[in-house]
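Here are my notes for someone opening this structure for the first time. Have the view ready and follow the points in order.

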Amino acid sequence: MTRPLEPPRVLLVDHYDSYTGNIAQILWVLTGTEPRLVQSDLVDAAEIDAATHIVLGPGPGSPHRAADVGHTLDVLERARVPVFGVCFGFQAMAVALGGRVEKAPRPAHGLVEAVTHDGSAMFAGVPETFDAVRYHSLVVAEPAPLRITARSQDGLPMAGETEDRRWTGVQFHPESIGTRHGARMIEAFLDEGTADA
C-alpha cells in the first residue's frame with residue numbers, strides 16, 4: 001500500500017524494556033524516520049496529540065500496577081490515532097477497556113511457539129500459523145474486552161483488536177528475530193493507519 005509522502009509520526013511508549021530498542025529500529029526502517037521514544041511515566045498530552053501512530057512497547061510488571069503502567073492508560077484514553085500494543089502494551093489495552101490480566105498457566109520466557117491467526121488486517125501477508133517468540137508470565141483474561149484474533153497452541157490470546165477504535169495488539173514479540181514475519185505485522189499496522197490519510 002502506498003503511504004503519504006509525509007512519513008508517519010510514531011510515538012513509541014517505552015515501559016523500561018530493552019526490547020523497545022528493537023521496535024524503534026524496525027519503525028525507523030519502515031518509515032524512514034526515527035520514532036519519538038518516551039518513557040511511559042514521562043509521556044505528555046502534546047506528544048500524544050502530535051503522533052499519527054502510537055506503539056505501546058513491552059515491559060515488566062502488570063498494567064494493573066500504577067508504578068508499572070505509568071501514563072499508558074492515559075495515552076489510550078486520549079489517543080485518536082491507531083495504536084499497536086506489544087506484550088505489556090497489549091495487556092494495557094485490555095485493562096483500559098475494563099478487562100484484566102491474570103497469571104498464565106505457565107511462564108513463557110523466550111519460548112518460540114506456533115501462533116495461529118484468523119486473517120485479520122494486522123496479519124496481512126502472514127501465514128495462518130507462524131512461529132513467534134513468547135516472553136510473558138501474564139495473559140489477557142477471558143472473556144476479553146478485545147476481539148481475539150490469534151491464539152497460541154495452548155489456546156491463550158496472542159493478539160486482539162477493538163471493534164470501535166483503531167487498536168491492535170499482540171502478546172508475543174514481533175520485534176524478536178525469532179518471530180517470523182514480525183516486521184510485516186508492524187508494517188501492516190502502519191499501512192492500516194495511513195490508508196485513509
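1. Let's begin with a term: a salt bridge here is a side-chain nitrogen of Lys or Arg within 4 Å of a carboxyl oxygen of Asp or Glu. This is a predicted model, where local features need pLDDT of at least 70 and side-chain atom pairs count only at pLDDT 80 or more, while totals for chains, interfaces and linings use all residues. Residues are numbered from 1 along each chain as its sequence is written, and side-chain values use heavy atoms, with hydrogens and water left out.

2. How many salt bridges does a search of the whole structure find? The count is 14. One of them joins Asp68 to Arg65, with the closest N and O atoms 2.7 Å apart. Arg65 is partly exposed, at a relative accessible area of 48%. For that wording, buried means under 20% relative accessible area, exposed over 50%, and partly exposed in between (1.4 Å probe, protein chains only).

3. Now look at Arg147, which forms a salt bridge with Glu161 at 2.7 Å, N to O. This pair ties together distant parts of the chain: Glu161 belongs to strand S8 (residues 157–161) and Arg147 to strand S7 (residues 147–152), 14 residues apart. Helices (H or I, at least four residues) and strands (E, at least two) are DSSP runs, numbered from the N terminus. Glu161 counts as buried, at 15% relative accessibility, and Arg147 as partly exposed, at 32%.

4. Arg147 also meets Glu163 in a salt bridge, at 3.4 Å from N to O. Here too the partners lie in distant parts of the chain, 16 residues apart, with Glu163 in the loop between S8 and strand S9 (167–170). Glu163 is exposed, with a relative accessible area of 65%. Elsewhere on the salt-bridge list, a network links Arg106, Glu113, Arg134 and Asp154.

5. Helix H5 (residues 88–96) is mostly covered, as eight of its nine residues are buried. Among them are Phe88, Phe90, Met93 and Val95. Just after H5, Gly98 takes a positive phi of about 95°.

6. On to the nonpolar cores, each a set of buried Ala, Val, Leu, Ile, Met, Phe, Trp, Tyr and Cys residues joined through side-chain atoms within 4.5 Å. Which residues have the most contacts inside the largest one? They are Leu27, Val55, Phe84, Val115, Phe123, Phe130 and Phe172, in a core of 29 residues. Several elements each supply at least two residues of this core, including helix H1 (20–31), strand S5 (101–117) and helix H6 (182–194). H1 gives the most, with five residues.

7. Contact means heavy atoms within 4.5 Å. Leaving aside neighbours within four places in sequence, Phe130 is in contact with residues including Val115, Phe123, Phe172 and Met185. There is also a second, separate core of 25 residues, which includes Val81, Val83, Phe88 and Val101.

8. Not counting residues up to four places away in sequence, Val112 touches Asp131, Ala132, Val133 and Gly178. Ser137 is 25 residues from Val112 in sequence and 14 Å from Val112 in space, C-alpha to C-alpha.
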